[in-house]
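Me: Got a structure here that I'd like to walk through. Can you help me read it?

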Amino acid sequence: MAETKVDWSGKLRDVSWGYRKKFSRILKRIDRNSVMEGEVGARSIHLLKDSLGKILREGSASDVVLNELLTTLDEGVMWMINSPDLLERWLELGLDLLVEEWGLSRRYFRAWRRVELTTGDFEGLEFLLDHFRLLQERTEPELALSFLNSYSRLKEELDKEDVIRFLEAGTRIYGENPETAARFLSLKLDSAHKKLEDLRDSCHLDSFGTRLERLLKGVSGKPLSVSDLADLDSDELLGRGARLLFLADGVYLPEKIDLRSDRDENGRHLLTVGYIAGCAYLFQGFPHLHGSPGWSDCGEALKKFGLTDSPFYRSLFFIADLERIFAQAISHFPALRFRLKEAVRGEYERRPLGSVDEPPLLGELLYRSLSDESLSASREGKGGEGSERMAEMVSFLKRTAGEGRDFMEVGQWLPRIGEKFVQLFGGKEQREVRRLSFFTDYGFHAVPSSPGAEKVKLTKNGDREEREGEESPRNADRIEEKVLSKEKTGVDDREGEKEEGERQEAGAYFYDEWDNEAEDYLHDWCRLREVRMEEVPDRAPPPAWGEELKKVKRTFERLKPDRFQQEKHLLDGDKLVLDEVVRHEVERRALPRPYQRVYAKDFPNLRDIATAILVDVSGSTNEQLEGGEVLELEKKASLLLGEGLHRLGDRFGLFGFSGNGRKNCRFFIYKDLSESWSDLIRSRIMAARPGNSTRMGVAIRHTLSKLKAIDARRKLLLLITDGKPQDGDGYSPETLYAQKDVRKACIECLRENVAPFALVIGREGQGDGDGDLRMTFLENHFVPIENLNRLPQALIDSYLNLTVR
């Protein structure tokens, strides 16, 4: 490139003889190091010439200021001349100080030699210029220069957001004592070093907020906000001692997290809280409704359960629901076990049992229910017998709370849990248990409020910057692909109405897909079309299947339930239960509140179950394995189970999936959930043929949408596949993108109380062979089938294990 050469001799005539030679040498080096050309290069040199002229017009002190400016350029920031905009701002700040006092300008240019910016760090340079200007405008030049002198140390120990927090602390001190503020920003006070240590070790909500919101959405499926705890009623917070809150409208956390010894540990704790909060919403804990009308706190919930609002039942409800959430979280996400144990251990290391004001027995019950560690066999004043009673109470709590699907079912068990506690320990404790550092406070009285204003944050210029709907930079290539697709075809994949994650357009449905790298969903990413096989040739199952069909029919016939089932322990009913009446009479003479549930009633015993069987009919099912062709065995398994479910009277549907790319996903309907079993259905199944790719996530989501439309107490999704999700458009198992999307789709099923279960063909069942399956499917929600001939019986056995108690 051509260099931008300038004749500096005219400018240097007014410089003192002692400086003239030095300045000439530096300016020549500036010419040689200029890599600009054309108008950009000319502008940088023009800015420098203009600034030299302004400095020289200031008189006798001009040589001193100019010496500092040129020396700084020569020794530290010569690369700045390659960015005319930043060079102009840098020079302007120094010239403004020159107008005020030449000594300030001299100190300004000299201080830049200690800043230690990396060559070409234009982003760091811009940050420093911005905040020097802000300090100068809001306070005075002395504070801005103090900040400039200490910036290298601040940069080493803090990130940019914490540097801003340090400056804000100095600005607050300035309002009380300007001299102290300057010493604070110069790091000459002990309080400044303590502030540095505090900022270095703690985590701040505004640094983690967006990440936590994505984490919450990924785990719970709900677009939950993360807000500052200080936004809520301060009197209620102080009165309750609430440390964090999970409410129906979002998660509320303190602005600063400093529970651990360093920042990494505090960040890990904050993410653990995010996982726990997500599970609390996913598994329908009390936070799911806490703060909504009629559910302002757990006291209102207790009244709905028919219980007295007392500290005893508040604590039991909190302990039982938390135990249930933890148990389900570990069951569905085994990798969370360590995080949860770490959170519990940290809580009780910082505040051991007996060190806080909480009821001793309920406090120990909370600890024992959450921790796998055993306490000492003897408690103070209780001895071995007390420990045994506590172990029995914990075991009873885990059994009863574990049966609940949501907090409402936990509430139904609370009377029995309370009775067991009184039976073991002789009374009710009337204080609430501690507020945990990793979980919400059920007793906080949250007043329902109208939706708040759209969340924004301010940029350095005071402009509004939207947070909601912000696209991840890591999604940029996929977003660009969407735009280019629209430009080429004139069709926008996102047109049309959309409801609850899907929309239909000329027979097509659009679904989100999980991008594990971006930790977010790609909106309306997959287009799926249903294929209804109305006209198929009559094709009966092979005669060789006849004996197995008869066996399956007999098996399911024996499983038909009795017409009526008696339910006991009711407050009202058709008949009295003698044992419960005797108990009532005994307790009536001894207790103020005797047992009341003495009635029983016969209810129709209906199997309220809906099942969707989803069969992988991609190209890989055309493979020949030991035992035959994969697809033929899938047909046989589906047909046998269909015959059994027909005999049992359970509602079910039979579907298949294949496709070719995200815009051409196909969903075959062999039997819809509303259709009756018939020869036509059998013919459709027998007519199935191998397709192309295996985009499994969208097929699971579409099946889920069908089950959501069915009113049934229990819902199952049985997936028959070779466990190899793969398609174009980056849907590859090599990057784990495909596996993580399938796993996320299974989690979405759980959110809707649909149990997903996969039968995976041709995979090893032992050792490390199913390691990839554990990344694709949820723990305890899949079974690998190595022997293909076992598939039909394995499908039947799996269904019976999942539905017959």
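Me: Which hand does the crossing of α7 and α9 have?
Reply: The crossing of α7 and α9 is right-handed. Keep in mind that this is a predicted model.

Me: At what angle do helix α7 and helix α9 pack?
Reply: The angle is about 15°. The axes of α7 and α9 are 12 Å apart. Angles under 35 degrees count as roughly parallel, so α7 is roughly parallel to α9.

Me: Which residues make the contact?
Reply: From α7, the contact uses E123, G124, F127, H131, L135 and R138. From α9, it uses K160, V163, I164, L167, T171 and Y174.

Me: How many of those are nonpolar, polar and charged?
Reply: The contact of α7 with α9 has six nonpolar residues, three polar and three charged.

Me: New topic. How many cavities of 30 Å³ or more are there?
Reply: The count comes to four.

Me: How much space lies in the largest cavity?
Reply: About 100 Å³.

Me: And which residues lie nearest its centre?
Reply: R240, F318, E432, R435 and D441 lie nearest the centre of the largest cavity. Six of the lining residues are nonpolar, three are polar and six are charged.

Me: Which helix gives the largest share of that lining?
Reply: Helix α16, residues 311-332, with three residues.

Me: What about α16 and helix α18, how do their axes cross?
Reply: They cross at roughly 5° and come within 10 Å. Helix α18 covers residues 360-370. That angle makes α16 roughly parallel to α18.

Me: Which residues of α16 and α18 make the contact?
Reply: On the α16 side, F312, S315, L316, F318, I319, L322, E323 and F326. On the α18 side, L362, L365, L366, S369 and L370.

Me: What classes are in the contact of α16 with α18?
Reply: Ten residues are nonpolar, two are polar and one is charged.

Me: Which residues line the second largest cavity?
Reply: V615, V617, L631, E634, K635, S638, L654, Y670, I685 and A688. Helix α24, residues 630-648, gives the largest share, four residues. By class, the lining of the second largest cavity has seven nonpolar, one polar and two charged residues.

Terms used:
Residues numbered from 1 in each chain as written. Predicted model: local features only at pLDDT ≥ 70, side-chain atom pairs only at ≥ 80, totals over all residues. Heavy atoms only, no water. Axes fitted to C-alpha atoms, helices over the stretch in contact; angles between N-to-C directions. Helix = DSSP H or I, 4+ residues; strand = E, 2+ residues; numbered from the N terminus. Parallel < 35°, antiparallel > 145°, perpendicular 65-115°, else oblique. Left-handed = near helix turned anticlockwise from the far one by under 90°. Contact = heavy atoms within 4.5 Å. Nonpolar A, V, L, I, M, F, W, Y, C, P; charged D, E, K, R; others polar. 1 Å grid on protein atoms, 1.4 Å probe; cavity = no way out; pocket = protein on both sides within 12 Å on 5 of 7 lines; lining within 4 Å. Points joined across faces, edges and corners; volume = space filled by probe spheres on them.
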